[in-house]
Amino acid sequence: MKYNAAIQQKGFYFVLPTLVIYGIFLIYPMLSAFHYSFFKWNMISESKFVGLKNYIRMFGDRRFWNSYYTTFHFTLISILIIIIFSFLLALLFQEKMMLKNFFQSSIFVPVILTMVAIAVVWQFMLQSTGVFSNIFLDIFGINIKWLTSKSITPYSMILVNVWKITGYYMIIFIAGLLNIPQIYYEAAKVDGASYFQRLFFITLPQLKNTFILAFVSGVIFSFAAFPQQYVMTEGGPARSTEVLALLIYKQAFEFTKFGYSSAISVAFFITLLVFSIIQFKIFQSESTY
Amino acid sequence: MIKIFKYILLVSLTIMFLFPFFWMVVSSFKPTSEVLAIPVNILPKNWQLDAYTNLLNYSEYDFSRYFLNSIIVTFFAVLLAVILCTTAGYGFAKYKFKYNNLYFIIVLSTIMIPFQAIVVPLFILMKNLGLQNSYLGLIIPESLTAFGVFLMRQFFYSVPDEIIESARIDGASEFRIFWNIAVPMAKTAIFALIIFHSQWVWNLLLWPLIIISSPEMRTIPQAIALFSGVYFTPYPEQLAISVLACLPLLVIFVFLSKNFTKGITLTGLK
Amino acid sequence: MKKISLFVSILFLLSNLSIAKETIRHIHWTQPPYDEIIMQTAKDFMAKNPNVEIKVQLVADADMPTKVRTALTGGGVDTFAMPNMQSPWFMANGTTAEIIPSAFGKNTVQEVVDMWLPGAIKKTGGFYEGKYYGIPHEMSNYAAWVNTAHMKAAGLDPERDIPKTWQEFKLIGKILTKKENNVITRNGFAINTKAAIFPFLILHSLMQQKGQDWSSEKGLHKSLSTKGGLEAFSTFTNWATRDGIFDPGLFDNEREGFGNGLTSQFLTGGTWYWGVLDGYSVKRNEVMPIKYPRFKDGKNIGGVAYGYCVFVAKQAKNKEMAWKWLNYLESHPEKYIVHGWFQPRKSLDKNLAAKYIPNYEVFGEEFEYAAAIIASANFAELQDAVGAAVQRVLFEDTSNEDSLSMLKDDVENILEM
């Protein structure tokens, strides 16, 4: 037992470089930002201690709660669609087929495109005489205000988000599927299991870690997304796409309210922390890792 | 018949996902006035290479230098990221040391704060370390990805403990086990990490904008942003450089995804 | 021998120190083709002053305030350009140095100010609370632009029928708006509603015309509870909501839209627009800049005047040399005017402006009646609040009265009233 514990403790050395570097370049700035949330600071002048004033302001700020809601809405719907869609795509690519690499690459291309270029294309496609509008007008006879409606534009953002990052999660699922030993499938086939039985009793359980990874990282990333909203709608129309990350950016860099921005960042952080701890507790207990 | 349906589905998906990119490429061969014109013309009336040749003529914009900067920074940032994430992921997954979970939550917590919130304190820190406007100033912060640690940890979980134990009994050192057994098994995950992280670093705009002050040190995204003028945006040029900018990433992706190998080699248990 | 070599090496060191280069780091925004002029000017200055090195950093205009602010925290900037909307923040927070007359070869600040047209520095954002901090790099004002080809096609006469009042503007807009299946395919008027600055600048003129004072924070706040303010605001929002001449969904950028023939009128173009237009399909002879329409019973105020100044950072080591550099930078208005870019320096030959800028008389005349923009360190937030007020009416079906009332609350919060 003593022998075992010593070896287990050696694992710490694998983790140490990361802890040190992340500590200096991420944790320290994070603590700095936390510190500033109790001050009024515009990046230039002396900072002024204001205690809990930023937090009090935040809790009463309708704009903050609007961002909170917008972000949740965007995140949950995006992730739900993306995870299901990307998993199904990964399953599709398990089969043998011609030009597999070409098809896979096509779905991944949106991931690598730079946001500025994407914004131009999508804005052009979504404007009232754009491709999408034309299609909907021809088929359904209605003119949808993709980017100029408070109720619809959030879904346009979700659409662009799904288009952009499905390929990313598809790769995660493909990698996950490739790590399932073929032996399991062969044995099941011998036993006469159907495709769906193999899917539900082998694939899904084996992919549990992958689903957790996709879901948790997906939520965290979508929660923090803002380049898309920044470039395409600037948070509009009427703040319907002003997600938290965008509000944080605006408060810090446009309004130079760095202290208030930090307070919102803290709220953001605590939300995600609570989320991670909850998922940790739920999935930690089943340790078939 | 299912096969035909499958190919129809694949082609439709490809069209949906690729169409915007196709529009980007095709529009880079149009003159500015045609790009956003209505009625919509997808293909150029007259194909012209002007946008691309103009890129070579912008006297103060040294695009080849920006490409070089992006390549250098991306290569080293990804290398550092892979080193840190594989070691940390392995340590977190395969060892039960004191405060393992706590340390992991601390590392994971670094992606729970939006980057904009730490940009200014990080900048001040880098200035104090004398790293502003330098490659290192870009490489180190851009190598940090708690997601990468998370990813590697999840994948290292699936390396069977028995293999590790038997290697230990055979007298291998912890590092040997890591390097010769665990890492090859997680090859797929490492390739995925390289793909993800290189595209993230390559397209990063906010951090280089803040920390880089001399034009020679600019990276590609900054160059692309520079085209968005106050009154006038030369779209073909901007699209041309965006197309050129995504080619290296496309090459990395195609190359690595071809190498996704099947299955775990259960050498130890055979 | 040893003493001599020591002496020589000290001499050598000292001589090296005296020719050690001074560096001036200048941040400017990028806008071809003017970037080349700036870089060449820097090279010329360095040739004349061999012990000075000018390092010019060009960033996208939208990123400039962020870039300058972060550079200021890191001690990494000596001189910079800034538009008059953003500059009050920098002046109010003590980051800029006052003009040093001796660097210009003058004795008093007023003599330096007099090197530019009257009121130029104030209108371009170089003046704050009694002190002068910047010298102009650009001065522009907005005119209304009309597509005369569209007018002719609709049976209107481009000489007689150009709109002089907002009522006429609306009517012409209605005639020129094109629809297909109830979808607007050509706007009678357009503005970028995404970026708050543009509605703000148009509203500024409308408000001033209705007798409100949007050149001060107090005046802006007061206008939100007056009848005149409501009328100005409604005139603007009605173009989209009631008059049917503006669909924000057709395109974002009205400068592009006008150039592509997708809107017949727009209100946010300066003299520089001629050069911009050349990149689009609409030709120069198909458009005309005209004076901003007025209200029948309103004040005689035109489109807004705005500009950019260049400043010396308070943390700059050699401020006198920095001002020398800036003075040199701003001494070549004849190089800029050929592209249609106006710098209000007295040394500029007025005939050149008329020569290179078609319809210059419209802009030049209007300049006297141009509305001077508010100089407030809270500009970013005020502009954002006004933009939100407009968006509420356009996209959320809020009434003009309710939206203005909410704007009033926002402004009170911002100004901590």
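Predicted model: local features only at pLDDT ≥ 70, side-chain atom pairs only at ≥ 80, totals over all residues.
Me: How many residues does the contact take from chain A and from chain B?
Reply: Contact means heavy atoms within 4.5 Å. Chain A gives 90 residues and chain B gives 101 residues.

Me: What is the area buried between chain A and chain B?
Reply: Buried area is the accessible area (1.4 Å probe) that two parts lose on being put together, summed over both. Here that is about 9,000 Å², with 79% from carbon and sulfur atoms.

Me: How many salt bridges are there between chain A and chain B?
Reply: A salt bridge puts a side-chain nitrogen of Lys or Arg within 4 Å of a carboxyl oxygen of Asp or Glu. The count between chain A and chain B is zero.

Me: Where is H26(C) found?
Reply: Strands are DSSP runs of E, at least two residues, and helices are runs of H or I, at least four, both numbered from the N terminus. H26(C) belongs to strand 1 (residues 22-29) of chain C.

Me: Is H26(C) buried or exposed?
Reply: Buried means under 20% relative accessible area, exposed over 50%, and partly exposed in between (1.4 Å probe, protein chains only). H26(C) has a relative accessible area of 0%, so it is buried.

Me: With which side chain does the side chain of H26(C) make a polar contact?
Reply: A polar contact is a pair of N or O atoms within 3.5 Å; within protein, one must be able to donate a hydrogen and the other to accept it, and residues adjacent in sequence count only if both atoms are side-chain atoms. The partner is the side chain of T79(C), at 2.6 Å. Leaving aside neighbours within four places in sequence, H26(C) is also in contact with other residues, including W325(C) and L329(C).

Me: Which residues does L36(B) touch?
Reply: Not counting residues up to four places away in sequence, L36(B) touches F124(A), W23(B), Y235(B), E256(C), N260(C) and L262(C). L36(B) lies in the loop between helix 2 (32-35) and helix 3 (50-57) of chain B, and counts as buried at 13% relative accessibility.

Notes:
Residues numbered from 1 in each chain as written. Chains lettered and ligands numbered in written order. Heavy atoms only, no water.
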